Amino acid sequence: MLLTKCASCAAELGLTSGKKCGRCATRYCGPACQVQHWNEGGHDQLCKKIKRGGGAEQYHADMMCTVAVAVAVAKCVDDTN
């Protein structure tokens with residue numbers, strides 16, 4: 001999974017453009033979006049957690065996996081009832 005959108009405004013970044021958080025490598029289209037995401041988007045609360053989780057790519061992949069497993073388990077429960 002490659003994160004190719006700005007975490008703040010969802011602008012397309014491609015594979016190489018944009019700015020990254022120095023701690024967790026979350027990607028942004030520029031400094032203004034990075035500051036906005038820190039102040040208003042909750043990044044200040046998640047940054048250390050994302051870094052501990054292996055960086056932005058791994059953290060978001062793990063989150064998507066957790067959601068997919070929860071959905072699969074719920075469907076299995078529904079099927080067995």
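This is a predicted model: local features need pLDDT of at least 70, side-chain atom pairs count only at pLDDT 80 or more; totals for chains, interfaces and linings use all residues.
I number residues from 1 along each chain as its sequence is written, and I leave out hydrogens and water, with side-chain values using heavy atoms. Local features need pLDDT of at least 70 and side-chain atom pairs count only at pLDDT 80 or more, while totals for chains, interfaces and linings use all residues.

Histidine 43. I looked up its place and found it in helix α2, a helix being a DSSP run of H or I with at least four residues and a strand a run of E with at least two, numbered from the N terminus. Histidine 43 counts as buried because its relative accessibility is 2%; buried means under 20% relative accessible area, exposed over 50%, partly exposed in between (1.4 Å probe, protein chains only). Beyond neighbours within four places in sequence, I list its contacts (heavy atoms within 4.5 Å) as Cys21, Cys24, Thr26, Tyr28, His37, Trp38 and Ile50.

Positive phi. I checked backbone angles next. Alanine 10 has a phi near 70°, positive without being a glycine. Most residues other than glycine have a negative phi. Alanine 10 sits in the segment before β1 (19–20) and is partly exposed at 46%. Alanine 25 also has a positive phi, of about 70°. I place alanine 25 in the loop between β1 and β2 (27–28), and at 33% relative accessibility it is partly exposed.

Lysine 51. I find this residue in helix α2, which spans residues 43–52.
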